[in-house]
Amino acid sequence: MVVVPALSAAAVSVGGLLFKASAASKAATAAGVAAVGASKLGLGIAAAIKLTTAVVGVGKLTILPFLIAAIAYYNYDLFDPENRPFNVQQVELAYDFIIIGGGSAGTVLASRLSEVPHWKILLLEAGGQETEISDVPLLSLYLHKSKMDWKYRTQPQSTACQAMKDKRCCWTRGKVIGGSSVLNTMLYIRGNRRDFDQWAAFGNPGWSYEEILPYFRKSEDQRNPYLARNKRYHGTGGLWTVQDSPYNTPIGPAFLQAGEEMGYDIVDVNGAQQTGFGFYQFNMRRGSRSSTAKSFLRPARLRPNLHVALFSHVTKVLTDPHTKRATGVQFIRDGRLQNVYATREVVMAAGAIGSPHLMMLSGIGHGEELGRVGIPVVQHLPGVGQNLQDHIAVGGIAFLIDYPISIVMKRMVNINTALRYAITEDGPLTSSIGLEAVAFINTKYANASDDWPDMNFMMTSASVMSDGGSQVKTAHGLTDEFYQEVFGEVNNRDVFGIFPMMLRPKSRGYIKLASKNPLRYPLLYHNYLTHPDDVNVLREGVKSAIAVGETQAMKRFGARFWSKPLPNCKHLTLFTDEYWNCFIRQYTMTIYHMSGTAKMGPPSDPWAVVDPQLRVYGVPGLRVIDASIMPTITNGNIHAPVVMIAEKGADLIKQLWLTPSTKPTDQQWRTKRSLPVAGNETLAQTVRQWPLPSS
């Protein structure tokens with residue numbers, strides 16, 4: 001490919017006369033920006049640098065202080081702390097609605113419910129505010145294992161994650177306002193129409209594709225004018241920005257050419273057809289992360305009826321001992337155990353781990369499981385914590401190339417790219433860890449005549465070795481021995497990677513209580529690859545990923561698969577089915593799509609936890625609105641579906657409380673509680689007898 005060398009130069013250049021300066025002038029520019037920034041913003045920048053380095057760790061990126069100063073100087077409107085949601089100093093006695101969890105769903109709910117001016121809303125979040133570095137797309141993996149991460153780890157199991165420390169998968173979950181939308185890779189994938197039609201077929205009216213499609217459009221602000229013309233599938237003017245990546249390498253278009261070579265169409269994967277190849281779209285705005293906190297909560301921050309309480313760890317949902325009605329919430333803040341009451345509803349939006357964990361702590365779950373740890377049963381619901389689903393992929397499928405055009409961290413993160421990011425809002429720092437193209441394909445186990453693919457490729461202009469064995473290895477929890485043996489000799493080499501992700505797993509995990517101590521983490525059992533069909537589909541996905549690297553489109557870069565045998569699979573012949581079956585159990589990657597642990601279903605489903613209105617069976621006044629309610633996981637990244645669930649959930653609440661109804665169940669729910677006689681009932685006991693959280 002004749003143009004590759006020229007493209008390479010363009011790709012590694014930071015462009016513009018400013019960035020062609022000598023090393024001395026670059027240093028002077030850096031010092032000038034830092035000085036002017038410090039003069040203009042004073043202690044604000046110093047505080048931001050101190051906070052961010054505390055969050056992500058000192059010494060991981062030496063560019064951090066300069067990057068923060070540059071962002072603050074050139075984008076003061078984004079840096080301004082006044083743009084962030086106010087952290088209410090004192091929680092009041094009671095609110096109409098209490099939302100537990102300020103993550104992807106909770107922030108949407110808080111925004112939408114506070115649109116009703118006579119409703120008082122309280123949003124409780126265990127973490128704090130976002131930081132300047134959490135905005136930078138390329139640095140998202142540096143937030144894993146930080147103070148913004150709950151740092152969950154699964155229990156050791158022999159079926160997967162064999163290359164991880166203690167054979168335990170790392171389940172990153174956001175502990176920050178905005179939740180995992182602050183830590184994820186911002187991919188905007190809605191899923192497949194058959195996912196939602198199946199939900200409806202399970203006995204969940206109102207959840208078919210045609211019925212939920214308006215909620216995807218409602219939140220969307222599509223910035224690609226070609227896609228925005230398609231009004232059936234896309235919306236404009238919503239609160240949540242969806243756009244193409246500001247930065248691509250020459251590898252991105254080559255992925256699409258490879259797809260065409262393999263017989264696939266180039267498609268809008270969020271449109272009429274999912275099967276095919278396309279460029280990723282991202283929840284970004286002006287080159288920065290567009291978290292749900294930024295998109296939904298910040299525009300509502302001045303509403304007097306919305307209170308946001310940060311660093312508030314909920315420990316229990318309070319219920320009436322006679323009616324079982326949810327009456328309020330118990331939470332820890334500033335070292336005190338406090339109660340707050342809901343006169344209408346308590347809404348759980350703590351995610352697929354937090355919501356079932358909190359329900360069980362509150363006496364809602366399987367009676368035997370609750371009795372095992374000494375928690376009195378409020379409502380026997382055996383489905384709580386069951387039906388755990390996740391998307392898994394295979395890591396380490398990398399292809400060496402001959403041109404310096406990929407994302408190599410030590411080449412891409414420097415003063416020049418920091419300035420380009422801060423001033424022009426583009427450049428390598430706007431790349432979401434190299435994710436450029438997406439593919440939805442059929443393995444031999446899928447029905448190719450049906451547009452419901454069973455395999456997803458996440459195609460990147462980087463791979464696990466692109467940062468020299470620092471943060472990617474840490475985020476994924478790989479052992480040093482495994483990494484050094486397999487990837488050590490190709491550290492910081494130019495590569496591209498393909499991560500095959502199985503879309504509809506049949507294996508199901510579960511969550512159990514470790515104890516009744518609310519600060520003790522639950523026990524997480526992933527059960528990955530325990531169903532033989534999952535092994536077969538993922539193995540075939542790996543083989544198809546290897547085939548992408550063999551196309552002429554990729555061979556033009558000199559692509560060659562890095563085929564170093566994995567330590568536990570050396571006794572098997574390379575590239576046989578037996579070898580791949582072993583391979584996929586070593587570097588098993590969660591894609592952090594935990595879901596299904598409080599499934600939605602009809603009353604006839606013994607494992608259903610919530611009804612189609614997302615109301616918890618047997619506990620009036622309590623809803624769950626997050627990824628927990630998915631009966632089955634959607635075909636692709638689940639962040640956009642979670643926001644859709646929150647949008648629809650907010651409307652379900654409004655319909656109940658703002659629309660006259662004669663349904664007995666509605667009347668039971670619409671009874672507004674009177675306030676407690678006493679004050680805020682700050683509990684006398686402290687939480688010192690509870691040990692700190694452990695994984």
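Predicted model: local features only at pLDDT ≥ 70, side-chain atom pairs only at ≥ 80, totals over all residues.
Visitor: How many salt bridges does a search of the whole structure find?
Guide: The search finds 33.

Visitor: Which residue does E92 meet in a salt bridge?
Guide: E92 pairs with K120, at 2.2 Å from N to O.

Visitor: Where do E92 and K120 lie?
Guide: Both lie in loops. E92 is in the loop between α5 (76–79) and β1 (94–100). K120 is in the loop between α6 (104–113) and β2 (121–124). The two are 28 residues apart in sequence, so their pairing ties those parts together.

Visitor: Switching to helices. What does R193 pair with?
Guide: R193 forms a salt bridge with E210, and their closest N and O atoms are 3.7 Å apart. R193 sits in α7 (residues 193–201) and E210 in α8 (residues 209–219), so the bridge ties together parts 17 residues apart in sequence.

Visitor: And which residue forms a salt bridge with D577?
Guide: K543 does, with the closest N and O atoms 2.9 Å apart. D577 belongs to helix α20 (residues 577–583) and K543 to helix α18 (residues 532–549), so this pair ties together parts 34 residues apart in sequence.

Visitor: How accessible are D577 and K543?
Guide: D577 has 29% relative accessibility and counts as partly exposed. K543, at 30%, is also partly exposed.

Visitor: Last one. Which residues are linked in a network of salt bridges?
Guide: R112, E115, K218, E647, D651 and K654 are linked that way.

Terms used. Residues numbered from 1 in each chain as written. Heavy atoms only, no water. Salt bridge = Lys/Arg side-chain N within 4 Å of Asp/Glu carboxyl O. Helix = DSSP H or I, 4+ residues; strand = E, 2+ residues; numbered from the N terminus. Buried < 20%, exposed > 50% of the residue type's maximum accessible area, 1.4 Å probe, protein only.
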